[in-house]
Structure formats: C-alpha cells, structure tokens
Amino acid sequence: MAKSKTSSSKKWWKEQIIYQIYPRSFFDSDGDGIGDLKGIIEKLDYIKSLGVTAVWVNPFYASPNDDNGYDISDYRKIMDEFGNMDDFNEMIKGFHDRDIKFVMDLVVNHTSDEHEWFKQSRSSRYNLYRDYYHWWPAENGKPNYRFSYFDEKGDAWKYDAHTDAYYLHYFSAKQPDLNWENPEVRREIYDIMHFWVKKGVDGFRLDAFQFISKDTSFPPFPKGYQNNVVDVIKHHGMGPTLHDHIREMNKEVLSKYEVFAVSEGVGSSFEDAHSLVDEDRNELQMVYHFEGVEVGNGLDDPHTLADFKQVHSKWEASFKDNGWISIFLANHDVPRMVSRFGNDSDEFRVASSKMLNTFLLTMRGTPYCYFGDELGMKNIYFQHISEYQDIAAKNGYKKALSEGRDMKKFMQNLSFYSRDNSRTPMQWDNSEHAGFSSDLPWIAVNQDYKEVNVAAQETCPDSVLNHFRQLTSLRTNNPVLIYGTYQQVDKDNPEVYAYSRTLDSQVWLVLLSFVETDSIFQLPDNMQSFEIQGNNYSELRINDGRAKLKAYQAVVLSQKG
Ligand code: NOJ
C-alpha cells in the first residue's frame, strides 16, 4: 500500500502565520526601559491588525537574564521585569479572544545556574538533584572537550571547586545543561508542559532541542573535528536517545492536547529532520531549519540568488510529501531580514522589505514573521563593543581577543551578524525612544525610527506595513498559498526568483526581483492571462508576454481561466 502523504494533509498549525515577539524589545508599559507583558497586551489590537494568526513570544519565565531569558530560574514564574502571572493570563486571553494562537518557548536543554535544581545539584555530590545535570568528577581527569556557544573560551566544561567537579554548559556558564537521561528530569519537564498547556498555550518552540540527548560517557571527538556549525551539530546534535525522549514527550504531553511543537535545529541531514517530524514517527510537528538563514558564509563570501533559491527549493522538495517546515528569514539570533537578504539603503529598503515579505507569505511551509520586519526595520550596525548587550557578542569578543584574532575584521562581522541587530526596540512612532518606552531603553534604538515607525506607516497606504497586511490576508484567504505544490520557474534566472503554487485547478505565480535594476521575465505560456493578486509597485509592465520588473519588484499572479 502506498505510504500516506502527510505533507498535504490539513492541519491547523500548517495554516498559521506566526508573528515572533521578542518581549524585551516590543513595548514597555511601565517606563523602565524594558518591554513587558502588559506592553504586549496594549498592542494586541495592533498585532491582530497585521493579519497574523499566531504569535511566538520569546521566553518570559523568571530569569537572571544572562542570555535574555534563555536562562530560566523558575519555569512556573514570570520574569519580574516582564510582569506577573496575572499579566500572562490576561495576555493569553487577549490573544485567544482575537483568535490568535499562542506559542511558547520551551527552554529545557539547560536551566539557569540560579534555578533551584542547579543550586541543589552543585551543593553536594550526594544531593538528590545531583543527576539533574551533567557532572564530571575532577579525579577522573579533565573531561573530553565539548564546544560551548557562549563561553569566553569556547569550553563547555566549567570547573566547580565546591564539589571538585566539572559541569557541562553548551551555552553560557550560567546555563548548565540538564541531564535528560534522568527520568526525573523528563518527568519535571512534562509537568511544566502540562502546566502551560492548561494555561492555554497552543504550541511549543523547543529551544536548542537537537542537543538534549548526550552520550554521557563524553567520548573524544574524532580526529579532524572543527568548531564550525557543521561539526558542532554533527557531534553535539541528535544524541543517541533523542528520539526515545521525544516519543515519550509526545506520548506524555503532546498527544494529549491539540498543541504542536516545533524543533529549533534539525540535525545534519534531511534524514535527521524527517526523523523528527514525519507523521508516522509520532514525535514533533514542524522543523525550523537554519540553512535558509545560513546561506552564504559571512561578509567575505556573500550568497548569490542562486544559493538562496537552491536552499529553499531543496528543503521544499525534501518536505514535499512528508513532514512540514517553517519559513523564516529573521529571528532574534540573526540580522534583520532586509539587511541580510534585501537592500537596506534608503533607496531600496522599502521595496526589498516588501519583496522579502512576499516571499515569506507565499512559500510553502509555516511563515514566521519577526516583529519589526513588517515595517522594514534594519540592522543598527553597532561599531563599538561597549554598545553591545548580547552575551554572545561580549564573550565572543573576549574569546577573539584572547585568540589574537584580527579584531578589525571581527568587529566588522559582529556589526553585521550580531544578534543585537534584531533586538533593538520596536519603532512605534517618531517620539523619543521611538515610542517604545518613556525611559532610556535597555538597548539603543535604531536612529532611523523617525521615518521607520508604525504611526507613519499606518497612514500611508503604500507602506511596508500595509503591504504586509495585504499579503497576510492573501495567504489566509487562498489555500493555494498554504497547501499548493511549489515549483521553480526559470530556475537559472540570476535576477528573479520565480515559483508557481498549484492547488487543484488553481495556478499562481510569484515573481521576486532580487536586483537594483529592471529585469525582464518571460511569463510561461500558461500565465499569459492572469490577475494580479499582489504587487509592491503600483503597476506591472508587460510587453510581448514578458514582465519588466522594477528593482525588487514582487508580484503574485493567479492564472485566469
Ligand atoms: C537558541 C535561542 O534562539 C538563543 O537565543 C539562545 O541563546 C540559545 N538557544 C540558548 O538557549
């Protein structure tokens, strides 16, 4: 019997348009310079007006904020700076009253070192919580090297004199890794998930999830191991018991509710990614792979349009029949979308932002739209290390210094790639601090806020914001953009990314110009007669069956019968 094709099966979570909110930077309701839950509540109608159908809010649990909330000290408490549980209850009700689903970050590869479990664990080798974390007794010698993303020396083992042992931290030293091999730890995590689902959460974004399972003998890495993304994921990711744990999580929690879970990180291959989400696996629902935002290799080796097309098309092809992917071009860990994939000059920022939003909202896969990208917010490009707030930037700087790296080059890269670029405050209006806060914000506001802000764009029909709204409405009202098959058209065109979406008798064509100049695109025979469903310019020039696209023009055409 033919294997069931699950990718086209209808599921509510495939139909969502997810808006990602970094709460620290969204809206500050109490004037302390830090965004908060009440701030989100004040902006519920704005969020609804975007036409998005779900939100993912980055962590708001109690946290000492070594990594802005990704270091949790209490999973059942709200971070003081963000408010309290009453605020959470009001916020989630506000979303649900507006028919917006709520996706929560679940950060359970690690906790904060200020979590009670870790305090107990580090207090004695005989403490009941000792095995909640990974400890290596010093008398066994130094443990084999493990890479840490945020450590000043890049070393994931930290020596703790109190019990003469090392503990493991794949991220900062204040983010010790939980020991998922301990069934007690897993039980605690499932309890936490039940707690939040009962409060109304509709989905979980599983932070750093490919790393939860470890070979606890911590063998040496094979010869030739390098600290690059590929090797780190290959040797730290997709550990031996990962699937057992996920299946258990599915059985104990996910399968009991109408919730979905998306895995941040997907291992090293399509096979790995599929093993997490194909329907017959009974594990998770959606993958969030990074290849789309890792295309090109730094400033020295920028990507081409061919690379961009190739990455998105190969993921699409692999997930055509089974499993489901996310589509995103930015989040809180990477540069702003328009700076990375468009053109953030004064001349082209607007057109290229609209073009990229057209891509997000017409591709197959669930779109994740990062807050501020609906305005075309761009990188802030900090120049001096003292301006950075992010632990990854600060510790990365110390590490580069101690390694004697070329610091000029390091700073150039940081200025472009730093996570702080996408964490600057939301630009609400042209008043001081961009209307984000009445006090000095925790991180600098991008100085283009006088022109680039919600208030200015609300009143301008051609704004990036209003174009975004047209596109969300188009997607929501046309299942062809959700379930339609995808096919590249004129795939070798170096200037235009074109693809069709087809569902039953409906055929749509999306044309995206990625260049600063005009470009010509020969319309295929079956699209000579069409209706324009979306356009980021006021006209579309057609001559002899050929479209003459303007710089960064993005059009969505439907075939006329
Ligand atoms: C991935 C998150 O997106 C990132 O912001 C965080 O620093 C790490 N995981 C550690 O939790």
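Which residues surround the ligand? I started there and found Asp67, Tyr70, His110, Phe150, Phe171, Arg205, Asp207, Glu264, His332, Asp333, Arg419 and Arg423 around the ligand. For this list, a residue is near the molecule if one of its heavy atoms lies within 4 Å of it.

**Ground rules.** I noted that this is a predicted model, where local features need pLDDT of at least 70, side-chain atom pairs count only at pLDDT 80 or more, and totals for chains, interfaces and linings use all residues. Residues are numbered from 1 along each chain as its sequence is written, and side-chain values use heavy atoms, with hydrogens and water left out.

**Ligand, polar side.** Asp333 has a polar side-chain atom 2.4 Å from a ligand oxygen, and for His332 the distance is 2.8 Å. In the side chain of Arg419, an N or O atom sits 3.0 Å from an oxygen of the ligand.

**Domains.** Next I checked how the chain is divided. I got domain 1 (12-111 + 183-472), domain 2 (116-168) and domain 3 (484-559); these bounds come from an automatic or database domain assignment.

**Where domains 1 and 2 meet.** Their C-alpha centres lie 29 Å apart. I found 27 residues of domain 1 in contact with 21 residues of domain 2, contact being heavy atoms within 4.5 Å. The two domains bury about 2,000 Å² between them, with 62% of it on carbon and sulfur atoms. Buried area is the accessible area (1.4 Å probe) that two parts lose on being put together, summed over both. Glu188, Phe218 and Lys399 supply 28% of what domain 1 buries against domain 2, more than any other three residues.

**Salt bridges.** I used this rule: a side-chain nitrogen of Lys or Arg within 4 Å of a carboxyl oxygen of Asp or Glu. How many salt bridges cross the interface of domain 1 and domain 2? I found one. Glu152 and Lys398 also turned up as a salt bridge, at 3.6 Å from N to O.

Then I searched the whole structure and got 37 salt bridges. Lys174 and Asp113 form a salt bridge at 2.8 Å, N to O. Lys174 is in the loop between strand E8 (165-168) and H5, and Asp113 in the loop between strand E5 (101-106) and helix H4 (116-123), so the pair ties together parts that are 61 residues apart in sequence. For the labels, helices (H or I, at least four residues) and strands (E, at least two) are DSSP runs, numbered from the N terminus.

Technical notes: Polar contact = N/O pair within 3.5 Å; in protein donor to acceptor, adjacent residues only side chain to side chain.
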